[in-house]
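Please keep the structure open beside the text while reading.

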Amino acid sequence: MRRYQEAAFRAAFLVLRDAAEAEDAAKEGMVKAYRAIRTFRRGHEFRPWLLRIVVNQSLTTVRSRRRRTAATERFAVGEQPLPHTLDETIIDRERARLVWAALDSLREQERVVVYLRYFLNLPEKELAEYLRCAQGTVKSRLHRALRKLREVVARRYPELLGELS
């Protein structure tokens, strides 16, 4: 498990974008993997199996966070959100925010395949094991997700077009 600790954290962070929550989700995912080790199929890659568990745990955390946020907002009716900090006006941070917003517009399955392939550099073979499908299917899913991402960027964030080419 120590060997995959960093990959688990990175996968969780890509989904959650919060270091503390990512650390918790990665640890919880690894505990779940340890408890479910009997379900791991010999002859398969361990990392995709573990990352599937960690990403699913992270997605559960996201859904839980959304429920908490919605409940908090219902109770805090009338309060205005805090203004943006000066750091958020820096160009690089703005670009990153726009990229994350564009990624957020994708369906969950599309986001996950992009995160794993391009942010975690998971090879197509391991990605195929993660998704439990053929490598050709991985390629087509990636192609569709990236095509949709380009469409979203062209429509909503055209200033990013040169960066995604």
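Arg17, for its part, counts as partly exposed at 31% relative accessibility.

## Further salt bridges

Counted by the rule of a side-chain nitrogen of Lys or Arg within 4 Å of a carboxyl oxygen of Asp or Glu, the number of salt bridges comes to seven. One of them joins the side chains of Glu23 and Lys27, at 3.1 Å from N to O. Because Glu23 and Lys27 are four residues apart in helix H2, about one helical turn separates them. Glu23 is partly exposed at 39% relative accessibility, and Lys27 is partly exposed as well, with a relative accessible area of 46%.

Arg63 forms a salt bridge with Glu108, and the closest N and O atoms of this pair are 3.3 Å apart. Arg63 lies in helix H3 and Glu108 in helix H5 (residues 108–119), so the pair ties together parts that are 45 residues apart in sequence. The relative accessible area is 35% for Arg63, which counts as partly exposed, and 33% for Glu108, which is also partly exposed.

Thr61 is found in helix H3, which covers residues 46–75. Is Thr61 buried or exposed? Its relative accessibility is 18%, and since buried means under 20% relative accessible area, Thr61 counts as buried. When the neighbours within four places in sequence are left aside, the residues in contact with Thr61 are Leu16, Glu21 and Ala25.

## Packing of helices H6 and H7

Two packed helices are described by the angle between their axes and the distance between the axes. For helix H6 (residues 124–131) and helix H7 (residues 135–156), the angle is about 95° and the axes are 8 Å apart. Because angles of 65 to 115 degrees count as roughly perpendicular, H6 is described as roughly perpendicular to H7.

On the side of H6, the contact is made by Glu124, Lys125, Leu127, Ala128 and Leu131, while H7 contributes Gln135, Val138, Lys139, Arg141 and Leu142.

## Confidence of the prediction

The average pLDDT of the protein chain is 83, and 82% of the residues score at least 70. Which helix has the highest confidence, and which the lowest? Confidence is highest in helix H2 (residues 19–35), at a mean of 94, and lowest in helix H8 (residues 161–164), at 61. Over residues 75–89 the pLDDT is below 50, and this stretch has three contacts in the model beyond near neighbours in sequence.

Methods
Residues are numbered from 1 along each chain as its sequence is written. This is a predicted model: local features need pLDDT of at least 70, side-chain atom pairs count only at pLDDT 80 or more; totals for chains, interfaces and linings use all residues. Side-chain values use heavy atoms; hydrogens and water are left out. pLDDT is the predictor's confidence in each residue, from 0 to 100. Helices (H or I, at least four residues) and strands (E, at least two) are DSSP runs, numbered from the N terminus. Contact means heavy atoms within 4.5 Å. Axes are lines fitted to C-alpha atoms, for helices over the stretch in contact, and angles run from 0 to 180 degrees between N-to-C directions. Angles under 35 degrees count as roughly parallel, over 145 as roughly antiparallel, 65 to 115 as roughly perpendicular and the rest as oblique. Buried means under 20% relative accessible area, exposed over 50%, partly exposed in between (1.4 Å probe, protein chains only).
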